[in-house]
Amino acid sequence: MKKFSLIALLLAAVAAGYAQTNAALKNPGALKERAPNKYTAKFDMTAGVFVVEVTSDWSPNGADRFYNLVKNGFFDGCRFFRVVPGFMVQFGINGDPGIQKNWEHATILDEKVKAPNGRGYITFAKSAAPNSRTTQVFINYKENSSLNSQGFSPFGKVVSGMEVVDKIYSAYGEKPNQGRIQAEGNAYLSKEFPKLDYIKKATIEK
């Protein structure tokens, strides 16, 4: 009886923690913690582990947004849905449409480009519209200097595990439909693109 009660308590604690995180991710306006001047984020994913070092001075708004997304578990379970060898790999659409829909208009202001879009540098994706960055980011596979003049402002760089990033499954290319990912989440990707690599857990390193 005592053993059963302990297990029940542990399961309840896990469920409560998940519910709290889930609720937090549905309220982007509350996730505005200032990021440290420098910090690292560890990504444990299906192809291995890579680590990003963020320099807030490069892109303060981007660094703050990324910090809050990682710290609150937004990227956990996210698929690398756009992989273009020789260009970049993109991720950052939450696998739960109930969470993702809350971030559609949670944009951050544009910033000057202070660091280059070189190999290993990580940058928020955006549309041609001003101030359109939300949750999607990409890692450059090579020197993409043309992105600098287009206003893509890197906020960090992969400092460990770039060889892992190079191994992310790329055969699907740009086939996954972003509209369907937004609407259907991982249910769509798992069915239509089962070989996509994904993030198991992303954490801010102390």
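Analyst: Before we start, one term is needed: a residue is called buried when its relative accessible area is under 20%, exposed when that area is over 50%, and partly exposed in between. Please also keep in mind that this is a predicted model.

User: In strand β4, which residues point one way and which the other, and are they buried or exposed?

Analyst: In a regular strand the side chains alternate between the two faces of the sheet. Strand β4 covers residues 88-91, where V89 and F91 point one way while M88 and Q90 point the other way, and all of them are buried.

User: Which residue in β6 is the bridge partner of M88?

Analyst: Strand β4 pairs with β6 in the antiparallel sense over 4 bridges, and β4 is also joined to β3 by 3 bridges, again antiparallel. On the β6 side, the bridge partner of M88 is N140.

User: Which residue in the turn of the β3 and β4 hairpin has a positive phi?

Analyst: The hairpin formed by β3 and β4 has 3 residues between the strands. In that turn, the residue with a positive phi, of about 80 degrees, is G86.

User: What is the order of the strands in the open sheet?

Analyst: The sheet has 8 strands with antiparallel pairing, and its edge strands, each pairing on one side only, are β3 (82-84) and β8 (199-205). The twist from one strand to the next averages 25 degrees. Read across the sheet, the order is β3-β4-β6-β5-β7-β2-β1-β8.

User: What angle does the direction of helix α2 make with that of β1?

Analyst: Helix α2, residues 60-71, packs on the sheet and touches several strands, among them β1, β2 and β7. Its direction and that of β1 make an angle of about 45 degrees.

User: Is N186 buried or exposed?

Analyst: N186 lies in helix α6, which spans residues 186-192, and beyond residues up to four places away in sequence it touches G77, R79 and G95. Because its relative accessibility is 16%, and the cut-off is under 20%, N186 counts as buried.

User: How is Y169 classed, at a relative accessible area of 27%?

Analyst: Y169 is placed in the loop between α4 and α5, and leaving aside neighbours within four places in sequence, Y169 is in contact with V83, K195 and D197. Because its relative accessible area of 27% falls between the cut-offs of 20% and 50%, Y169 is classed as partly exposed.

Technical notes. Residues numbered from 1 in each chain as written. Predicted model: local features only at pLDDT ≥ 70, side-chain atom pairs only at ≥ 80, totals over all residues. Heavy atoms only, no water. Pairing = 2+ DSSP bridges. Helix = DSSP H or I, 4+ residues; strand = E, 2+ residues; numbered from the N terminus. Axes fitted to C-alpha atoms, helices over the stretch in contact; angles between N-to-C directions. Contact = heavy atoms within 4.5 Å. Buried < 20%, exposed > 50% of the residue type's maximum accessible area, 1.4 Å probe, protein only.
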